[in-house]
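Hi there,

Here is the structure I promised to pass on. Have a look at it first, and my notes follow below.

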Amino acid sequence: MKKLLLLPILLMFLACGQQNSTEEKKDPIEQSTETSSEEKELSILTDDQFGESFQNKEIKKAEDMLKIYQDLSLGDTLQVQFQSQVQSVCAKKGCWMKLDIPEDMNVHVTFKDYGFFVPKDSKGHEMVVEGRAFIEETDVETLKHYAEDAGESEEDIAAITSPEMNYRFIAEGAKAVK
């Protein structure tokens, strides 16, 4: 009798397993909007578009962006596209990245409304981002949070004692350049 009860349960588990394996494969970008924030990370090898799609228009080089940032005042914003190499990425989720610009500077890029993330292994890749460029004074607590996310040592985090003026960028979309 017990065997007869176990048979329908076993069949139900098998049927559920088959249903999952026959589901249609979804586009990774479309799928990323349906998943939790922990699952939003996409692989740079499977898709090169993150966030909102955009057409490449007047993409600024890193050298041009440095000049633009030097001309901005606190409170100014500029809608722009630019391309640069990824210097570092949030090691926890890929929820921010730093893009290189000349003179050993970088631009701290976050993503509009935390609506998307980039792969944690993006360091060294070229990216084009579209969004708003601005200058911001970043407080000590936030700087320590970023250092922690980047995997910095406790000593490096403790050494952060004063706010910094930073080149910032809120990206609406990003593309990996292959």
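How many salt bridges does the structure hold? The count is three, and please keep in mind that this is a predicted model.

Let me start with the pair formed by Arg168 and Glu136. Their side chains meet in a salt bridge, with N and O 2.5 Å apart. Arg168 belongs to strand β6 and Glu136 to strand β5, so that the bridge links distant parts of the chain, 32 residues apart. Arg168 counts as buried because its relative accessibility is 6%, under the 20% cut-off. Glu136, at a relative accessible area of 25%, is partly exposed.

The other bridges share partners: Lys92, Glu148 and Asp149 are joined into one network. Here is how that network is put together:

- Lys92 and Glu148 form a salt bridge whose closest N and O atoms are 3.5 Å apart. Lys92 sits in the loop between β2 and β3, while Glu148 is in helix α4 (residues 140-149), 56 residues apart from Lys92 in the chain.
- Asp149 also forms a salt bridge with Lys92, and here the closest N and O atoms are 3.8 Å apart. Asp149 is likewise in helix α4, and this pair is 57 residues apart.

What about burial in this network? Lys92 counts as partly exposed, with 48% relative accessibility. Glu148 is partly exposed as well, at 46%. Asp149, by contrast, is buried, with a relative accessible area of 4%.

Now to helix α3, which covers residues 62-71. Which of its residues are buried? They are Ala62, Met65, Leu66, Ile68 and Tyr69. Viewed down the axis of α3, these buried residues fall within an arc of 165 degrees, so they line one face of the helix. As a reminder, an α-helix has 3.6 residues a turn, so residues three or four places apart point the same way.

What does the buried side of α3 pack against? Its buried residues pack against five strands that you can pick out in the viewer: β2 (77-89), β3 (96-101), β4 (105-111), β5 (126-138) and β6 (164-177). The face of α3 turned away from the buried side carries Lys67 and Asp71, both exposed.

One link between the two parts of this note: β5 and β6, which the buried residues of α3 pack against, are also the strands that hold Glu136 and Arg168.

Best wishes

Note on methods:
Residues are numbered from 1 along each chain as its sequence is written. This is a predicted model: local features need pLDDT of at least 70, side-chain atom pairs count only at pLDDT 80 or more; totals for chains, interfaces and linings use all residues. Side-chain values use heavy atoms; hydrogens and water are left out. Buried means under 20% relative accessible area, exposed over 50%, partly exposed in between (1.4 Å probe, protein chains only). Helices (H or I, at least four residues) and strands (E, at least two) are DSSP runs, numbered from the N terminus. The arc is that of the directions from the helix axis to the C-beta atoms. Contact means heavy atoms within 4.5 Å. A salt bridge is a side-chain nitrogen of Lys or Arg within 4 Å of a carboxyl oxygen of Asp or Glu.
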